[in-house]
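Have the viewer open while you read.

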Amino acid sequence: MCRESMAYDVVIVGAGPAGLSAAIRLKQLCREKNVDLSVCVVEKGAEVGAHIISGNVFEPRALNELLPQWKQEEAPIRVPVSSDKFWFLTKDRAFSLPSPFSNRGNYVISLSQLVRWLGGKAEELGVEIYPGFAASEILYDADNKVIGIGTNDMGIAKDGSKKENFQRGVELRGRITLLAEGCRGSLSEKLIKNFKLREKSHAQHQTYALGIKEVWEIDEGKHNPGEILHTLGWPLDQKTYGGSFLYHMNDRQIALGLVVALNYHNPFLNPYEEFQKFKHHPAIKPLLEGGTVVQYGARTLNEGGLQSIPYPVFPGGAIIGCAAGFLNVPKIKGTHTAMKSGMLAAEAGFGVLHEDLNMEIYWDTLRNSWVWQELQRARNYRPAFEYGLLPGLAICGLEHYILRGKSPYTLKHGKPDYEATDAARLHSPIEYPKPDGVLSFDVPTSLHRSNTNHEHDQPAHLRLRDPKIPELVNLPEYAGPESRYCPARVYEYVPDEKNQLKLQINAQNCLHCKACDIKDPKQNIEWTVPEGGGGPGYSVM
């Protein structure tokens, strides 16, 4: 059956901060130059913002450039940062440290709300946005140039048969294709490999962390809008990089989360359970008591920084935002850099389509922008912690207070995250306390709060390259780590009729966090897009 094909000047995959900023900038340029270019954005979430999750202390620098009148136009950015605390936690105490963050002029926001607002601004300018459609393949011409994307078929049963509601995917063909899929984008990763984009920029491998987050509604008397807190230390051990965040939003809500670097060594570590444990710390528990959880979610984030950015231009388009990896690790911010990358790619793309210029201009302007300057200054913070917590803090102190980002050296990252996992025999199992149902919760309870939903009768979007590896390698050698690093209990080892443990994949639970695609020790799990519209349904994340 032939697919319907739709042609646009620019096709953008992903309605996040980068994708929507690119779309808005393109349409602004069209108005400035009196040119008519067609722009479409395809988004796998059921609605714009449904898959967007972030801390988020927002730096408005890029938004000031893109939409200078955002305050008058009622952007959902209303809570300025009022205080900035930084603690080092032990099991029972919190020690205040000088805050290395500079958050004056920043705001505590919900990024999913901001993205919905940006989507409205894009549509006002004439951008066509298609939520609920998952880009599942890259389209190439005879010269191996990217000419758009194909969305996946809808209404296919688990056994591969077509259901009554079967609908063929569509081809969205573009003169330029921009990939703004977010961290570990599946199509972006394929293009990076196909065109050897890491080799082209001499980039190191990307390194990642898993962020687990809840939004709570707390008592009025405990709520201080704009107050932010970051912590290091407990509950993580000194060889595991990570920390927590706690941000006071508006309407008595707080954003609370734990970020765990995925190059941790101990296969028995469970990031979800570490987060549940964290909430019982004596310095955190009193704030949460009497409160209720509004929403839960999880997502991986890029932490490789400057060293890990691939060459972002490919024949026919470019990679933008977190799909390329512009997160500023010491700032714990990537929204402003993602937006700026989208704007720069839009300007380069407009030059290609209207002035017959070259898309490589995006790479040149990116390296001459404040994004590159930021990442250049921040490049040594994350790899400093390869040496452990205390040496990492010492190196970061040197970078921040003395060298001020102008160090004459560039540190390298260690092993890729999947290679960092030790054999189980080198560690002891970790006993985590049972959830109390008040501050800590089991995974099914949290999943319900993420509004995650997938059509059950569809082919599994989590694929094993070799179905034998879980039982032959992962379980005996690493004690089945996929049953712990996944924050949604997608992977479970259950006994079969012979009482032998077999891996069961509960794909309907998937939060689209991508941790499995990153952390599986043998890189045996491939994350592909499910039917469009599936996954989490975030509203305040």
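How many aromatic pairs does the count come to by this rule: rings of Phe, Tyr and Trp (its six-membered ring) with centres within 6.5 Å? The count comes to 11 aromatic pairs. Before going on, note that this is a predicted model: local features need pLDDT of at least 70 and side-chain atom pairs count only at pLDDT 80 or more, while totals for chains, interfaces and linings use all residues. Residues are numbered from 1 along each chain as its sequence is written, and side-chain values use heavy atoms, with hydrogens and water left out.

Two of the pairs are set out below; planes under 30 degrees apart count as stacked, over 60 as edge-to-face and the rest as tilted.

| Pair | Centre distance | Plane angle | Class |
|---|---|---|---|
| Trp70 and Tyr107 | 5.7 Å | 90° | edge-to-face |
| Phe195 and Phe314 | 6.4 Å | 10° | stacked |

Take Trp70 and Tyr107 to start with. Trp70 lies in the loop between helix H2 (61–66) and S4, and Tyr107 in strand S7, so the pair ties together parts that are 37 residues apart in sequence. Helices here (H or I, at least four residues) and strands (E, at least two) are DSSP runs, numbered from the N terminus. Both Trp70 and Tyr107 are buried, which is to say under 20% relative accessible area, with exposed being over 50% and partly exposed in between (1.4 Å probe, protein chains only).

Phe195 has 18% relative accessibility, so it counts as buried. Phe314 is buried as well, at 3%.

Now back to Tyr107 and its strand. S7 belongs to an open sheet of 3 strands, ordered S3-S7-S4 with antiparallel pairing; two strands pair if DSSP finds at least two bridges between them. At the edges are strand S3 (57–58) and strand S4 (79–80), each pairing on one side only. S3 is joined to S7 (residues 107–108) by 2 bridges, and Tyr107 is the bridge partner of Phe58.

There's also an open sheet of 7 strands, with mixed pairing and the order S6-S5-S15-S16-S17-S14-S18. Strand S6 (94–96) and strand S18 (292–302) each have a single partner strand, so one side of each is left without a neighbour in the sheet. From one strand to the next, the twist averages 20°. Inside this sheet, strand S16 (residues 242–248) and strand S17 (residues 253–261) run antiparallel and share 7 bridges; His248 stands opposite Ile254 in S17.

On to helix packing. Helix H1 (residues 17–33) and helix H3 (residues 111–124) pack at about 25° with their axes 9 Å apart. H1 and H3 are therefore roughly parallel to each other.

Last, the charges over rings (NZ of Lys or CZ of Arg within 6 Å of the ring centre and within 35 degrees of the ring normal). The charged end of Lys514 sits over the ring of Trp527, 4.4 Å from its centre. Lys519 lies over the face of Tyr264, at 4.2 Å from the ring centre.

Conventions:
Axes fitted to C-alpha atoms, helices over the stretch in contact; angles between N-to-C directions. Parallel < 35°, antiparallel > 145°, perpendicular 65-115°, else oblique.
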